[in-house]
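Please keep the viewer open as you read.

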2 protein chains.
Amino acid sequence: MYLTQSLHRAVQQTPDSVATIFGDRVRTFREVADRVARLAGALQGLGVAEGDRVGVLALNSDRFHEALYATWWIGGAVNPVNIRWSAKEIAYSLKESETRVLFVDDAFVPLVPQLLAEWDGVTTLVHCGDRPIPAGMLSYELIAVYEPVEDLRLGAERMAGIFYTGGTTGYPKGVMLSHANILTTSYAGLATAQGSLPNGRTLNSAPMFHLAGLAAWNQQNVMAGSHVFLSAFEPAAVLKAIAEHRPTTLLLVPVMIQMLVDHLAIGEYDLSSVQRIIYGASAISEALLQRAMKAFPQAGFAQGYGMTELSPVATQLTPEDHRDQALLRSAGRAAVGIEVRIVDLEDKEVPRGTVGEIVVRSAGVMLGYWKKPEETAEALRGGWMHTGDAGRMDDNGYVFVVDRIKDMIVTGAENVYSAEVENALAQHSAVASCAVIGVPDPEWGERVHAVVVLQPGATATAGELRGHCKSLIAGYKSPRTVEFVEAMPLSAAGKILKRELRRPYWENAERAVS
Amino acid sequence: MYLTQSLHRAVQQTPDSVATIFGDRVRTFREVADRVARLAGALQGLGVAEGDRVGVLALNSDRFHEALYATWWIGGAVNPVNIRWSAKEIAYSLKESETRVLFVDDAFVPLVPQLLAEWDGVTTLVHCGDRPIPAGMLSYELIAVYEPVEDLRLGAERMAGIFYTGGTTGYPKGVMLSHANILTTSYAGLATAQGSLPNGRTLNSAPMFHLAGLAAWNQQNVMAGSHVFLSAFEPAAVLKAIAEHRPTTLLLVPVMIQMLVDHLAIGEYDLSSVQRIIYGASAISEALLQRAMKAFPQAGFAQGYGMTELSPVATQLTPEDHRDQALLRSAGRAAVGIEVRIVDLEDKEVPRGTVGEIVVRSAGVMLGYWKKPEETAEALRGGWMHTGDAGRMDDNGYVFVVDRIKDMIVTGAENVYSAEVENALAQHSAVASCAVIGVPDPEWGERVHAVVVLQPGATATAGELRGHCKSLIAGYKSPRTVEFVEAMPLSAAGKILKRELRRPYWENAERAVS
């Protein structure tokens, strides 16, 4: 059970079929396998041994595809770098994971000097872009003339990669996933919502460093299907690629689906090849779903909920589920082979309908966090992955994600989920955006505190907003204090950085919550 | 990763849906889970500990279903007994596997005294039939009033069962399969040909003791689908059950499909619920496929080829493959996650089109043969399961099974596959049935020898038959000697017992083949 097996199977069955498409470059399975075997030989020549990490700091491409396969070919572990991070964060992850060989494409060449300044342990830089080779870097295609080597066919419980996660939530952690983790989850996902299509083709436009992108990519590999790579998501390029290359499968987030259906020229493209749209990260609205179904008439929609630590699937909202409007706010049900529970703070299962932490057990649960045995033991206590997400489950097993556990506010003896308060606040016509956090309070331990950006020209007082909330939710959940700001601190991905909002309140406070 | 997880998931998501149907007995997932937990408690009470074997000697039923789950619930290993065997063979397998608790239904109660006479190690007999409880046996439903116990949730590499195989080929061997073996193969099978259908329902009419039946059953469990059980295959009962219970999925062998489409009253039944017909054991003819497609208009046909040692899938001929008439004689291509090769006697891969032994590597390959380390090492040498089947692979990876390796005749320096000679012989109008074997020959090492039953009233000489064969196949492959007999020795399953034909020739001969 190892990740390169899919390539051998495809070569055996459809050697001369198209495997990868990137711009004008089209390669068959036979060609890809030959290139992977040579690239693997080159990596060995560069000193990569079994278990060593190989980094990829690049936009999507056919070379990203080859680099992943080549690393596994010789028993290595991939480290697909989060391209949205700062040089400092990237350097941290390269250093912590001791990544010495790094693929870099044109987009990230400018970052290299800063990376090396932060950590000089990267000894080999391989340029996987198409512009002239920068000084100090090896040519990817030069590497491809190395002699091919035999696939070592190592896998199963062996670490296949370190996938860094974190970003907005503090120090990044390296999630170690095995070949069996990723493969078992792929098989299970294929068995249900994400479906298996003969002659499938995935359009890879969401970033491949992210495990959602990588898992969708691997599902197509497992089925011996083909890939179209776009360096990044750009609506016009996606529509054009669909019409031209006729993919069956897209992996998107709802905001990308929105951008596609909003595109003025969408009617000019033939999108009829698309049979599956897999999305994640957030729910889809009824209105958007209706428009998307009109734009992609053959497509079944499937939502996946999970996290990197789960390789990454926990639940799926199947195409059939999408017919029921009430389920659209759900993240779906435990996928095949996966156990999902909602538990209280003592890890006891709570009754249906009660909010608690979502925990998961499956063959996809990570090996652990790289070099973090304590965090690993904490996250995997009792044999279950603790997602840190608060949610509830209905009588039919549908999971509704409510909030992040750490965004939960403990005020008095009550738990308040910030998302619930934010939903209430957002319904006030004067509110443009808002965030609800817990701040230290001598009486309540924590106090429900709202940070609000008003609509241009609108006015509202703290008392008005609190009164509005109390008309919708319980008094103890409604904000006791409100702070009006001009703008929210945002992450590169556009998420509100709650830790920035919390900092001034907690910096000089003893953690007052028991 | 353990086999009872499917039941927990179904209870979480669809507790009040129908899980099992057997005659008038209909049970929901909640009911089945409760009964399984109580039966598991009873088994523990009867002394079954983790790893212990629990035998089931019974026709298909809902209780067979419960007994399997209950055994796994407490970490036991099932031993589903081959109901076609003689009492002597059954006793041998019970004794060798040290099976002390045995479920027996009404059909096999008469066999019990003989079994106990052969081996008295069976200490507990549980009657899972519906007639009055025989003396010396416990009532199944009495057991069901035990207190429920918690699922131990043991699995992954743990042995889930010993599945005896052999019968016509000598001493039976106990194939040890793990939870991961069976589950991974189920997932992979679902990803491709055998498909995953929402709200699926399997009609179990092929015997569940056989791993093909058990695997199809588990695939439906994994999908949280339901089951209809028929004690055994009987065409009228099958047609009636399809019309009444509307299953989506059937597991059959081609001769069963033939019996269904030949049934005079087939037109009176509504068979439109059937979406998948999975078959194995032999190829389907174009003529039969056409008729079956007419009878089951919604059904996709999928062939599986494999063996118990592979949990059991190696290759699949998908519904799409069935559109190509030339592929109907193929066993299909390596299924998802499975590696298949054709190798020579030195285990080297042979060129496409060349006949060799079919070998397989996958997460489904057995743990080994029970108490047979040498046979295990021989079968799994080099990490590949040696199927003992001779076959060839075409340029697109389609496997064509030619013969059993041990039915291969080495004459002079040439390999002759008996199936090829038999196919040629059978085309002679005077031949009713035939078998080709190798017999000792001072000149050739082995000599191609045919045993023939003529059509009633027909005549033919050895010379005529040899001449006929030489017009179709190479001279060295054509029988040098022909023996005319009145009837063939047949196994209980209707297979020609070649070992009986060989015996008189080899009994007093030194094995003359180098």
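Predicted model: local features only at pLDDT ≥ 70, side-chain atom pairs only at ≥ 80, totals over all residues.

1. Across all chains, a search of the whole structure finds 56 salt bridges.

2. A:Asp34 counts as partly exposed because its relative accessibility is 34%.

3. Next, look at A:Arg63 and A:Asp130, whose side chains meet in a salt bridge of 3.5 Å, N to O. This pair links distant parts of the chain, 67 residues apart: A:Arg63 belongs to helix 3 (residues 62–73), and A:Asp130 to the loop between strand 6 (124–127) and strand 7 (138–139). A:Arg63 is buried, at 6% relative accessibility, whereas A:Asp130 is exposed, at 52%.

4. Both of those residues also belong to a network of salt bridges, whose members include A:Arg25, A:Arg35, A:Glu66 and A:Glu141.

5. Now turn to chain B, where B:Asp130 and B:Arg63 form a salt bridge at 3.5 Å, N to O. Here B:Asp130 counts as exposed, with 53% relative accessibility, and B:Arg63 as buried, with 7%.

6. Finally, is A:Leu497 buried or exposed? A:Leu497 counts as buried, because its relative accessibility is 12% and the cut-off for buried is under 20%. You will find A:Leu497 in the loop between strand 26 (481–484) and helix 15 (498–506) of chain A.

Terms used: Residues numbered from 1 in each chain as written. Chains lettered and ligands numbered in written order. Heavy atoms only, no water. Helix = DSSP H or I, 4+ residues; strand = E, 2+ residues; numbered from the N terminus. Buried < 20%, exposed > 50% of the residue type's maximum accessible area, 1.4 Å probe, protein only. Salt bridge = Lys/Arg side-chain N within 4 Å of Asp/Glu carboxyl O.
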